[in-house]
Amino acid sequence: MAKPKVAFYWAASCGGCEIAVLEIHEKLLDVAAQVEIVFWPVAIDAKYKDVEAMEDKSIDVTFFNGAIRSSENEHIAKLLRQKSKIMIAFGSCASEGCIPGLANFYTKDALMDRVFKETPSTTNEEGILPGPETQVAEGKLTLPVLWDHVWPLEDVVDVDYFIPGCSPAPVTVAKAFETILSGNLPPKGSVLGASEVALCEECPRERHDKKVKKFYRPHEIVDDGKTCLMEQGIICAGLATRGGCGHLCINANMPCRGCYGPPPRVKDQGAALLAAIASAVDSNDEEEIKQIMSEIPDIAGLCWRFSLAKCSLVNKPVAAAAQ
Amino acid sequence: MKTISIDPITRLEGHGKIEIFLDDNGEVANAYVQIPELRGFEKFCEGRAVEEVAHITPRICGVCPEAHHMAGMKTLDAVFKVEPTSTAKKLRRLLYNSFFVSDHTTHFYILAGPDFVVGPDAPVAERNILGVIAKVGLETGGEVIKRRRECNHIVEMLAGRQVHPICGLPGGVSKGLNAEEIAEAKQIAANSLEFAKFSIQLFHDMVLGNTAYKDLILSDMYAHKTYYMGLVDDQNRADFYDGKVRVVDPDGNEFAKFPASEYLEHIGEHVEPWSYLKFPYLKKIGWKGFVEGKDSGIYRTAPLARINASEAMATPLANAELQKFRETLGRTVHATLATHWARLIELMQAAEAMVELTNDPEIGSDDLRNRDLGTPGEGVGIVEAPRGTLIHHYISDENGIAQKVNLIVGTTHNNAPICMSIKRAAQGLIHKNGEISEGTLNKVEMAFRAYDPCFGCATHAIGQTPLIVTVYAPDGSVVAQGRQDPQ
């Protein structure tokens, strides 16, 4: 049997997902031996042509990391979808927008103004903003257009599977590769390489079903190193997050912030975390609950830290394609 | 006018492309390096709990998240007006030096090494880590993988994860090391030191011992007389984690030395409409365009710049190697490709620091945090990232909510110099009627590979080089195309 043809691409992301692939160390050599890599890493111009020249559905699996922020990201997402049998949203950015998705708290104009006009180190008396086309003395220079919003991959193209994490832990990457190479694929829409339970169920810390009267920020308290962080009053997203990462942040005595996305059967992770926080409050008095909750700083940025671009409560245009 | 597009260049904080314009005589008229992406961290960190900004900003770059996390935690120290405990500082330094060993190893062997160990004109199929292994032996290849994994393991022990570490708190760190972990870290440090010695010897044998490579390094094509910036300790020795920012002029004289909090007096950022990445310059001289020399505010950061900005290295073996470097190349070195030697000198300092720190009795203390936090306010934190000086600046309200955030990252400082280096290399290599060979293109690429170790880390490893050059006639039609196909 011919080796499966595999492509990797990254769009609006940090490169950490590319590193995550390398972090499986020797296993990567096994994987590499079993597949034919036809496209890795991303190409922008002429290599688009390579992909364009491929027959439709001639790539078996595309691992797409990064959110959709620009015309270029969207164009390549569509091109790869057309050429691939299986399209995988690899990592949190492609799955749910991740940290780049926090940009959806602001307009693109506000972002551009801050970066190019307002930051205290910038000198820009003429108010120049980078744009799609610039005429220079020698010719014309072009840049991709930034869309007004950050989109998860599935808002732009049909996605077959999701691999969670910012970035996916080595164990997740290895398991996901194993599943794909086995050819024994789960139903479309499945999450690969992670658990089917919430992180809380895998957490090694002791739980006593204790509720709290006050929440602390991580620097305001000394964690005892063994009790559930939430029960110590440190907000932890473990209850609203899919397991499978190996509780890496908790290993470092820091709370989970939710990069593995919602657990099975939960649609909106932020809403689930909000509910988890509310139910951790030791009170039945509505006013007191409100008071305790109101002391939590930036609750939207906390609960939707990795999934704002997918937040069901945010009104956003239907699809980037409309632009 | 003809255009040569080098597109894409890949890098970590995003993507990039190079446009080279030829004049009517077929000579290079100008070159532009364009960064086609923007995330806007400076905006969307506004409104976040300020302590979380140190966990959000590592997502700027997944290859050097350690640097962003470190700059972030130092900024939080300043925001909360707290001095970390002595143990916390040592643990942070251990994490950071381990990261430096891993990162510099990756760059030398996987990214830059192929150009020197295998050769800049070697067939593409050999000019990669596999080619390096073929030349220097499988054992070395295995060592590279081991060093990376072991040093990343120290990061993991201290900060939970390899990518996007998470241990930074104002005044300290969230996790210490137990006896077993220290024993493991000691062994990793000792291995790293041996590996640093081996790498420097390899560089002497394979690169400095080869006249052609040495001539290439010293060629005018790869040189720029600019200012240089780097963090130094109180004896003006290179320091990756802390100290004052020192700037030297092209003759090596101290031009400025300032604490993190004063960066705005010294650094400005210029905007061009054709790139989403800004162009930093020395404010006291001003932005004079893409020109070098003492009258231009353009400066460089990263290993060569740090070496130039320091009087000495902070550890004995690194300092001994620095003396050899200076005896060979001079006190202030403008040859961009000498960055690779400078990087190995830094690798040595990082490995020596690992040994020193893991043998320090204080490293096992549980005095991890100074909890005497002040009312949050404004803070600046600066570290040296492998790719250059990294500046984080947060302004918090008294409730600890970030109001304003400013960031100047390593590669950004070198944005203008990279453009200039590409132009000069292209001018030296591409001529009328001359053949644009694969090796020629690679030599253009080498001009920026020296600055940006992120470039093509995966591509080189598997034998691809994502450099595509298209020559257009003045009417826009394609007259020639040079390209490096994936293997």
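In this predicted model, chain B holds an open sheet of 4 strands in the order E8-E7-E6-E11, with mixed pairing. Strand E8 (254-258) and strand E11 (299-300) of chain B stand at its edges with a single partner strand each, so one side of each has no neighbour in the sheet. Helices (H or I, at least four residues) and strands (E, at least two) are DSSP runs numbered from the N terminus, and two strands count as paired if DSSP finds at least two bridges between them. Strand E6 (residues 227-232) of chain B runs parallel to E11(B) and is joined to it by 2 bridges; Tyr228(B) has Arg300(B) in E11(B) as its bridge partner.

Because this is a predicted model, local features need pLDDT of at least 70 and side-chain atom pairs count only at pLDDT 80 or more, whereas totals for chains, interfaces and linings use all residues. Residues are numbered from 1 along each chain as its sequence is written, chains are lettered from A and ligands numbered from 1 in the order in which they are written, and side-chain values use heavy atoms, with hydrogens and water left out.

A further open sheet of chain B has 3 strands in the order E12-E13-E14, with antiparallel pairing. Strand E12 (378-385) and strand E14 (402-408) of chain B are at the edges, each with a single partner strand, so one side of each is left without a neighbour in the sheet. Neighbouring strands of this sheet are turned against each other by 15° on average, direction ignored. E12(B) pairs with strand E13 (residues 388-396) of chain B in the antiparallel sense over 8 bridges, and the bridge partner of Glu384(B) in E13(B) is Thr389(B).

Axes are lines fitted to C-alpha atoms, for helices over the stretch in contact, and angles run from 0 to 180 degrees between N-to-C directions.

| Helix pair | Angle | Axes |
|---|---|---|
| H3 (residues 65-79) and H4 (residues 86-118) of chain B | about 155° | 10 Å apart |
| H7 (residues 179-208) and H12 (residues 339-358) of chain B | roughly 160° | within 8 Å |

H7(B) is thus roughly antiparallel to H12(B), and H3(B) and H4(B) are likewise roughly antiparallel to each other, where angles over 145 degrees count as roughly antiparallel. H3(B) passes H4(B) in a left-handed crossing, and the crossing of H7(B) and H12(B) is left-handed, a term used if the near helix is turned anticlockwise from the far one by less than a right angle. The contact of H7(B) with H12(B) has 17 nonpolar, 5 polar and 3 charged residues; in this classification Ala, Val, Leu, Ile, Met, Phe, Trp, Tyr, Cys and Pro are nonpolar, Asp, Glu, Lys and Arg are charged, and the others, Gly among them, are polar.

Cavities and pockets are found on a 1 Å grid over the protein atoms alone: a cavity is a set of points where a 1.4 Å probe fits but cannot get out, a pocket is an open set with protein on both sides within 12 Å along at least five of seven lines, and lining residues have an atom within 4 Å of a point. Grid points are joined across faces, edges and corners, and a volume is the space filled by probe spheres set on the points.

The second largest pocket has a volume of about 440 Å³. Of its 24 lining residues, Ser95(A), Glu154(A), Pro262(A), Lys267(A) and Lys310(A) are the closest to its centre. Helix H5 (92-96) and strand E10 (161-163) of chain A each supply at least two residues of this lining, which divides into 11 nonpolar, 4 polar and 9 charged residues.

The whole structure has 13 cavities of 30 Å³ or more, and the second largest cavity has a volume of about 190 Å³. Its lining comprises 23 residues, of which Cys249(A), Arg257(A), Cys259(A), Arg59(B) and Arg161(B) lie nearest its centre. Helix H8 (248-251) of chain A and helix H2 (50-56) of chain B are the elements that give two or more residues to this lining, with the largest share, 3 residues, coming from H8(A).

Two backbone details belong to loops of chain A. The peptide bond from Cys166(A) to Ser167(A) is cis, with omega near -15°, and Ser167(A) is placed in the loop between E10 and helix H7 (170-182) of chain A. Asn253(A), in the loop between H8 and helix H9 (269-279) of chain A, has a positive phi near 65°.

How values were computed: Parallel < 35°, antiparallel > 145°, perpendicular 65-115°, else oblique.
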